[in-house]
Structure formats: structure tokens, C-alpha cells
Amino acid sequence: MSEHSGPLAHHFDDLEQQHEAAELGTWALLVTEVLFFGGLFAGYAVYRHQYPAAFARASDSLNVQMGGWNTAILLGSSVSMVLAVHAARLGKSRALGLWLLATIALGSAFLGVKYFEYEHKWHDHLIPGPNFQFQGVPGGHEQLFFGFYFAMTGMHAFHMLIGLGLLVWLSRRAFRGDFSAQHHPWIEMVGLYWHFVDLVWIFLFPLLYLIGRHA
Amino acid sequence: MSSSSPPLAGVPPRAVPAGPPGPTGKPAIKDNYLNADYGWKSWLFTVDHKRIAILYLLSVTFFFFVGGAFAVLMRLELATPEGDLVQAETYNKLFTMHGVMMVFFFLLPSVPAVLGNFLVPLMIGAKDLAFPRLNLLSWYIYTIGGLFSLFAVVSGGVDTGWTFYAPYSSTYSNTHVIATALGVFISGFSSILTGLNFLVTIHKMRAPGMTWFRLPLFIWAHYATSIIMLLGTPVIAITIVLLALERLFQIGFFDAKLGGDPVLFQHLFWFYSHPAVYIMILPAMGVISEIIAAFSKKRIFGYSFVAFSSLAIAILGFLVWGHHMFVSGQSVYAGLIFSFLSMVVAVPSAVKTFNWTATLFKGSIQLDTPMLYALGFLGLFTIGGLTGLYLATLAVDVHVHDTYFVVAHFHYVMVGGVVMAYLGGLHYWWPKMFGRMYPEFLARIAAVVVFVGFNLTFFPQFLVGYQGMPRRYHEYVEEFQVLNVLSSAGASILGLGYLLPMIYLTWSLYYGRKVGPNPWGAKGLEWEQAGSPPTTFNFERTPLVTEEAYAYPDARPQITARAGHGGRHE
């Protein structure tokens, strides 16, 4: 049905209107995402307040080094994403593709570190459920902390996977030369999304790993 | 009768361009979105907002009758005090599936996804919604979600009530909670995408001259709705995720036995589900504004008040969720504040109701079918809204909490409000959607049947609830039988009232009288500038808007609303 003539979709008057629509739509989607994670943050806050000691103990057992490295890696990926968007605005397709690849590499490194963190938790019986044990003791409210830990970091990792999929698709298109300085709408949208996912981690890291630490 | 009145003077006759020759050599007539293309692919892969609206119309109707079938069985069971037709467990599944189907798969998408989808671009002078493919995707997501939940019914049902309260839903129920909730989760994304599409479309796609204060109130209502869809729906999504995680891994987010707090579930659930009530009623209010203006031939009294009351409802609606938890162990102070705020949110609804009534004053009123539904809405919504104030009062709520009084209250708002408006809107825009008129006489009878049947069904429930009959039981003490029999009798009349439109509207698709672009002589771009049915891209050329909404010729001088400035790129 849609008869595309060039980059302008049939139902828009001009490219400016189309870009503005895409940008507003992305922001609206991100607002939705804030509320989505907001439910998790609210629940976490409630139980952290209700069981401060258990949450502090459980938080202490997280690996701050891994979390810290991951924070650095993810911030690095945001920098490379910014540079990718910059390259797109200048119309430098090859630089765009390379920066996207760098972002993909850093994002994958984050997930790799996350995988090893999860694996350690598995070995230490810290996966919530019937077999949960915290330092040899089954049950306990530490389980609730790890419930939130896996729900929040898992949901974050899931968002990163979606982002990585989009980045792979965009980098292929970039090397194919699909984007120009005037028209590269998906780049900016995915860029916003990627920064948002980073920002979620910037809140998760101190909340889960750092607050109330005394070890 | 207005349906036979000629189109307003000044409406240009729509040019009918002869399409390119078809494969058979004859020129194929392609003068509207319905005959632009044929075959199932042209529907299932369409990106035309009007065709997607028709797809939604079919799905929504399907789920409405599924949800209605559960209600029929419930009312049959309740005709006698003994639990003789179905067992208690079956009855639990019946009211759960009735609620799930009606709330998530009928009421939420009915007005916005069918009428909104069709009309938002037409009313603001755009060729389509901002993201047509996303729009189609949202229909697929919605339908898949609905079928998913329906699958849960076929394979054994679910008995938690549509509210999925934990820990019963997460720990104790042995029914298909996850499958049903997953269906709700999936369809939530459809709601988010629809809201996103409307928001961006209304911001960025308005025709030149269509300033904010020239927008029809239907658009204001949908704008407010889209804000709630975007801010509320993700919260129910994450709540369902947590519920599923608790059920699968026994994490204890909500189960007190595992350290969680069941009231947290209720907070999260109602943080979405109370605003969701406004997702249902706000678009319905938009429909009522359009119908009242068109059939009084007057500008809506206090246009800007009605417009801003939609936004006020959207904002205040997020601050009242705690009134569902007055007896759940919520703190007394929270209860006080939620009680106060719940009364405050009634103010913008009352503003609308008074302004609609004031619009009728000295209007030239025509009692065609859409207007009958709109007037019915005014009465029923007033009863539903005022009984809401009873429930917002802390002490009264303790007495009537979880009784049929509550059931009657929200059915007056949801069925007496939303369904009446939906049917009214469907009749009003039916000639626009299909280019043919429904049989007016039959339709008026059906509207009256719906009104009578509705009141007979639900008014006795106020009484029986106030006397203390609790909701969600399949048997009751004998004293309540008279009122319950009345209610069941009313339900059968109401059911007939809903079947009638389905039959004659379908009939009219083939045999209805063909009509011109503006059979009601109504104002608005969809009537004055687009054909019936409209062409695929809605308008021959982009409309230029030069007047206020509802600029009906009026004997008295118009009090013009504050004109906003700026055009589409604002």
C-alpha cells in the first residue's frame, strides 16, 4: 500500500515533519520505559526499607569489581554511540559503521561480564527458589533482594539485547551506505534508546551494589 | 429527520477519479479505502488507519460477545439462590473471564482503537497516523494477546478475578494464571503503541490552521487518553512480570509467607488499573462531545473547559488508585488523602456533564439514534459517577466494599458510559465508515432496548449490594432473589439490545441506503472534507482550517475560545 518515493513516507508533508515525529515517538517510548522500570524501583525501595539488614547483607555479597567494570564498559559504549550519531550527522558512513561496531563490542562485553556474575550466583545457590541459600542458610529475606537483583538486571540485559539487535541491523545498513547526513532517522532513535538503557544501569549499579555497603 | 437532510451548502461534491484499468480491461472503481484493493492480503497487510480500525472493529466485537457469553451464564446462575447451574469453581472462572475479556479486550480498545483509529487522522486533516506500520503491529499484538487469554479459557480457565490479586494468583490458584496474565501483558503493548501513535499524530500531523483550540473535543479526549496509555500501561506490564516471576520461582515479591507484601501488588495493579478506567471513559466522553454538538447544532458550551477537563482527568486519575484499598490495611492517612483526591477527580467529569447539558439548552435537538445513546450516556454516567462519590467516602466504602453496590457502580460507568458512547459513536460515524446508513427506526428501538435492559440489569444491583450481597458468589440468601431475578431478566433484554445492532449494522453494509459525505449536516473535517467512505489518503488535498470546531450557525454571538497559535510543527 505505502508508496515510498525516497526517504519521505507517503503520509508526511516533508522530511522535517517525519523526523520530528520519529523523535517525539522515541521520547514517548522512553517515558513508557521509565514507568516500566519504575515499578521495579518502587518495589525495591519498599523492601529495602522493610528489610534493611538483609538487603545490606545481600548487597555486600555482590561483586563490586565486576559491577564497576561493567559500569565503565557501558559508559564507554555510550561514548561510542555518541560518536556514531555524530558521524551520521556528518554523513560519514564508514565511521558510522565502525562506531556502531565499537558500541556492539562494548555492549557484548557488558553482557559477557554479566554472564559470569550470574554464573557465580548460580554456584553460590543465590538463584531465588526452593534451592536458595544465603551463606549456607536457606530462605531469608536476602532471597527477596536477589529476586529484585535478577529481575532488574535481567530486564536491563533484555533491553540491551534488543539494543544490540538494532545496532547490528544499523551497522549493516551503514556499511551498505543507506544513511546520509540528511536522512538517518533510526540512528538517532536507537542512540536515544541506548543511552536510556545505560542510564537505567547508572541507577541500578549504586542501588544494588553500593548503597549501605560496609564490607 | 436529519438523515435525509442534504449536505451543508458549500460542501464540494467529491470528485470520483476513475482508477487505472483493472486486469480485465474495465476501469476498476477505486474511489474509497474500501474498494481501493481487494483480497485478504490487502487487509492483513494494510497500513491504512481506516482499514486497521475495521480490523479492530471485528476483533473487539468478537471479544465483546465472548465476554458477554460469560455474563449470560453468570446471570443464569444467579436467577436462583442455590448454586444449581454451575459449581462455585466454575462460577469463579466465569466472572474472571468476563472481567478479563471485557476490560482488557473490549473496553480498553473499543473507542480509541476502533473510532479513534478511524477518526484521529480524519479529524485533524492528516493522511494517516504518524506510524502506520506500528498501528498495524498494535492490532496484531492485541489480537494475539486476546487469543492467548482465550486459550487459557479453553484449556481450563482462571479463577483469580480480573484483578489477579496476589498471593492467591501467584501461589495458591491452580488455574491458568500465567497464560491469562500473559495475554493481558501482550495486549498492553498494543495499548502503548496506540497511545504513542495518537500522541505523535496529534502533535505533529495537524493540518495547516488546525490549532490546538480548533481541535474537536474528540481529539482532546484521545490526547489525554494517550498520555494515560503511555504512563500507566508499562506499570501493569512490570506488575504482571513480577507476578509471573513469583509464581514460577517463588520469589516472594507479594506473598507475605515469603516476606513480600500483598498490598504492594494492589498498589502496582491499581496504579495502572484505576487510570485505565479513564482510558476507557475519556474517549467515550470525546464521542459524546461530538454527538451532542452535531445533534444540537451548537458549539459545545465552554469548549476550553471541556478540553482541559480531559487533561485534568488524565492527571488526577493517576492520584486516586488508593481508593481501591481502603480496607486492605492501607494507612488511615493514605486513605484520607486518596478519599479526598477521588472526590476531586469527580470535578472535571462533572464539568463535562454540566457543559454537555448546557449545550443542549436552546439547541435544535434531533433525536436520531446517536443522540439517543448520548442522552442515555448523560443519565447513566451521572448515576455511575455519583455513586463513585459514595465509594470514595471512607465510611460508606467500608459498608459496601466488595458488594454488588460496587459492581453496579462500575457497570454504570463502564457499560452505561463507555458502551453507550461506543454504540452511539458507531452509529454516528457508520455512514462515514461504510458510506451506507443503518435502518434508523430499528436502531432507535435498539437504543431504547439497551437503555431499559441496562437499567433493569444494574439498578437492582445497587439495592441488593446496599443490603449486603457480596460480589463473586454463585449462591445467595433467599431474600435477595427478587432483585436478582430482575437483574437477570434485564440482562436478557440488554443482550437482545446488543444483538440487534450487530444484525442490522451488518445488514446495512449490503442493503443500507447510500449516503453522501455529510448525512448529518455535521461540522468537522471528517464530514466536510472527506467522502463517505473516505479515500485511502483521506483528502483530495490537505485541508486548510479556518474556523473553530463546531462552528454551527448560531443565532447568538459566539463566545470564541482562546485561539492557540502555531500550526502543525508546534
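## A tour of the cavity, the interface and the pocket

Begin with chain B: its helices α3 (88–124), α6 and α7 each supply at least two residues of the lining of the largest cavity. Helices here are DSSP runs of H or I with at least four residues, numbered from the N terminus. A cavity is a set of points, on a 1 Å grid over the protein atoms alone, where a 1.4 Å probe fits but cannot get out, and its lining residues have an atom within 4 Å of a point.

The model is predicted: local features need pLDDT of at least 70 and side-chain atom pairs pLDDT 80 or more, while totals for chains, interfaces and linings use all residues. Residues are numbered from 1 along each chain as its sequence is written, chains are lettered from A in the order in which they are written, and side-chain values use heavy atoms, without hydrogens and water.

**First stop: the largest cavity.** Select F104(B), L108(B), S187(B), S190(B) and S191(B), which of the 17 lining residues are the closest to the centre of the largest cavity. This cavity holds about 150 Å³ of space, a volume being the space filled by probe spheres set on the grid points. Helix α6(B) gives the largest share of the lining, six residues. By class, the lining has eleven nonpolar, six polar and no charged residues.

**Second stop: the interface.** Now display both chains: 43 residues of chain B are in contact with 35 residues of chain A, contact meaning heavy atoms within 4.5 Å. How many salt bridges are there between chain B and chain A? The count is two, each a side-chain nitrogen of Lys or Arg within 4 Å of a carboxyl oxygen of Asp or Glu. Select K127(B) and D13(A) to see a salt bridge whose closest N and O atoms are 3.8 Å apart. Next, colour α6 (177–204), α7 (217–249) and α8 (262–296) of chain B, each of which supplies at least two residues of the side that touches chain A. Of these residues, α7(B) provides the largest share, ten.

A pocket is an open set of grid points with protein on both sides within 12 Å along at least five of seven lines. Select L29(A), W186(A), M189(A), F131(B) and L134(B), the closest to its centre of the 45 lining residues. Finally, show α1(A), which contributes the largest share of this lining, nine residues.

How values were computed:
Ala, Val, Leu, Ile, Met, Phe, Trp, Tyr, Cys and Pro count as nonpolar, Asp, Glu, Lys and Arg as charged, and the others, Gly among them, as polar.
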